[in-house]
Amino acid sequence: MESSDVDAAVRVQVPGKVNLALSVSPRREDGYHELTTLFMAVSLYDIVTATPARRGRLSVEVSGEGADQVPLDGSNLAIKAAQLLRSRHGTAELGVHLMIEKRIPVAGGMAGGSADAAGALLACSVLWGLDVDQSELLTLAAELGSDVPFSLMGGCALGTGRGEQLAPTLCKGSYEWVFALAHGGLSTAKVFADYDLYSAAQTTPRMIVDQLMTGLASHDLEAVRMGMCNDLEHSAIRLHPPILETLEEGLNIGGITSIVSGSGPTVAFLCADDDDAVNLAVGLSSFTSVRAVLRAKGPVPGARVLSNS
Ligand code: C5P
């Protein structure tokens, strides 16, 4: 890093996601579950800013809602991302300070931690001037976590494997979402462990994704509604019972369907239009089971550089 670069900063925005379908197969030998999932990136963004740090130093600070729950040590996924990128390029002397502004709910089932890892990969590769193409970024992302590749890619995609193997899917138009945040978060690993104990044997693979993909390609809201499903929903409810009230009673106010987002506990409502979303958002904000309400649109692009000075 040249001395003239001391004020350099690379600012990246990364979207959160909702799984329109999440079909889970039994646990594999490596401890992960084989998934068939349909991801949609939504317009709730974390911002990751990378600035130079002295030789070899990697550090992170986090601001925004839920920031106090995010670790600042080597277990932070954004730090792991910077470390991985640096080690693959044999450049241990490179340092970075990462500033993360959180808008995606922490531990909410919307891939907030994965978004920060994806943001750190992109921001550091630009700050450090490394020759890394999108395919290498996606490979590194998959090593960091199952949802990290999708945070980079964005849009709408079919995810298989443990969720890291992606195929972009057609999606016509834009969808209105309302997200009801719960009091507290859920650990993805605990939700999958509960699924193994109570649900795995009962779950039969469904032909969900075909109907959903056809619906998305033609903006057929009814087909999308019919195709939406989440095999982790029962486990998320078992571990956080108040979300059942949000899921069911929220629909009396508005939205065309509700679903637990990923491993929860955030509840996602797909809405018919802007009026429906406004109405629902106002109604949900008086629920005792709801900590906060956020509105978003999807699909939106994946991680992108906002500024590079
Ligand atoms: O991949 P990631 O580190 O985000 O996953 C967090 C945890 O969620 C894993 O340790 C695993 O317990 C669980 N998981 C799973 N199957 C997947 C993805 C995640 O069991 N396909």
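This report describes the ligand site and some backbone features of a predicted model.

## Basis of the description

The model is predicted, so local features need pLDDT of at least 70, side-chain atom pairs count only at pLDDT 80 or more, and totals for chains, interfaces and linings use all residues. Residues are numbered from 1 along each chain as its sequence is written, and side-chain values use heavy atoms, with hydrogens and water left out.

## The residues around the ligand

The shell around the ligand consists of Gly-31, Tyr-32, His-33, Leu-35, Gly-145, Ser-146, Arg-162, Thr-188, Ala-189 and Phe-192; a residue is near a molecule if one of its heavy atoms lies within 4 Å of it. By type, the shell divides into four nonpolar residues, five polar and one charged. In this grouping, Ala, Val, Leu, Ile, Met, Phe, Trp, Tyr, Cys and Pro count as nonpolar, Asp, Glu, Lys and Arg as charged, and the others, Gly among them, as polar.

Strand S2 (33–52) and helix H5 (188–198) are the elements that give two or more residues to this shell. Helix H5 gives the most, with three residues. Helices (H or I, at least four residues) and strands (E, at least two) are DSSP runs, numbered from the N terminus. The ligand lies between domain 1 (10–169) and domain 2 (175–298), because both give residues to the shell; the domain bounds come from an automatic or database domain assignment.

## Polar contacts and burial

Oxygen atoms of the ligand lie 2.7 Å from a polar side-chain atom of His-33 and 2.6 Å from a polar side-chain atom of Ser-146. At Arg-162, a polar backbone atom is 3.0 Å from a nitrogen atom of the ligand.

The ligand taken alone exposes 450 Å², of which the protein buries 76%; these accessible areas come from the Shrake-Rupley method with a 1.4 Å probe.

## Backbone features

Most residues other than glycine have a negative phi, and most peptide bonds are trans. Two peptide bonds described here are cis: one joins Gly-264 and Pro-265, with omega about 5°, and another joins Gly-298 and Pro-299, with omega about 0°. Pro-265 is in the loop between strand S9 (257–260) and strand S10 (267–271), while Pro-299 is in the loop between strand S11 (292–298) and strand S12 (304–308).

Ala-107, a residue other than glycine, has a positive phi near 55°. Its place is in the loop between strand S4 (96–102) and helix H2 (112–127).

Methods
A polar contact is a pair of N or O atoms within 3.5 Å; within protein, one must be able to donate a hydrogen and the other to accept it, and residues adjacent in sequence count only if both atoms are side-chain atoms.
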